[in-house]
Amino acid sequence: MQLSYAEWVCPECKTKNRESCNSWMYGSPIRQCKACRAEYLDRRFREVAIDGFDPRANNAKVYVKGALLLLAIALVCGVMIYFQYAKGYYSMKIVVAGVFSALGAIACGINVLRIKLGFQNKDNDKYMAESKARLSDPLYVEKLRKYGYKV
Ligand SMILES: [Zn+2]
């Protein structure tokens with residue numbers, strides 16, 4: 001799941017910054033405002049070499065549960081549509097809800113596969129390498145220490 005966005009308002013100039021990130025917000029917690037170049041700390045970001053990976057990220061069970069739940073909703077919608085259709089009408093709302101639940105179930109299923117097949121770990125290796133590269137810069141480490149990180 002790479003298509004997530006982080007939004008924040010710059011404390012200096014109040015500009016709204018928007019940046020793509022992965023769903024677990026792996027990256028440097030020291031952000032720079034695109035408008036005024038001010039730097040500040042955003043604890044929502046995880047510097048994985050220090051903070052570690054989000055424990056939920058590799059937990060396939062969460063996604064299995066999500067997939068089953070969404071599949072159940074999709075089935076209920078399907079059954080409702082079936083009976084409504086037999087009476088000669090159907091509710092578009094239920095059709096839409098059913099389609100979205102089914103798509104959500106598929107997305108969860110894909111994540112389960114990604115974790116099981118080790119793709120998630122490959123991504124994590126990449127994030128870890130990026131994080132370690134950042135931490136090899138003494139100036140960056142100094143900044144993190146100033147913000148209270150134990151490096
Ligand atoms: Zn700013």
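Okay, let's start with Ala105: leaving aside residues up to four places away in sequence, Ala105 touches Ala67, Leu70, Leu71 and Ala74. Touching here means that the C-beta atoms, placed from the backbone, lie within 7 Å.

Before going on, a word on what we're looking at. It's a predicted model, where local features need pLDDT of at least 70, side-chain atom pairs count only at pLDDT 80 or more, and totals for chains, interfaces and linings use all residues. Numbering runs from 1 along each chain as its sequence is written.

So where does Ala105 belong? It's in the largest nonpolar core, 7 residues in total: Tyr63, Ala67, Leu70, Ala74, Cys77, Ala105 and Cys108. Such a core is a set of buried Ala, Val, Leu, Ile, Met, Phe, Trp, Tyr and Cys residues joined through C-beta atoms within 7 Å. Buried means 20 or more other C-beta atoms within 10 Å of a residue's own; exposed is 12 or fewer, and partly exposed is in between. Helix 2 (60-86) and helix 3 each give two or more residues to this core, and the largest share, 5 residues, is from helix 2.

Now Ala107, also in helix 3, residues 92-116. Why is Ala107 partly exposed? Because it has 14 C-beta neighbours inside 10 Å. Its C-alpha is 9.5 Å from that of Gly66, 41 residues away along the chain.

Zooming out, the protein has 5 helices and 4 strands, which are DSSP runs numbered from the N terminus (helices H or I, at least four residues; strands E, at least two). Along the sequence the pattern is β-β-β-β-α-α-α-α-α. The C-alpha trace spans about 70 × 40 × 20 Å along its principal axes, and buried residues are 10% of the 151.

Terms used
Two residues are in contact if their C-beta atoms, placed from the backbone, lie within 7 Å.
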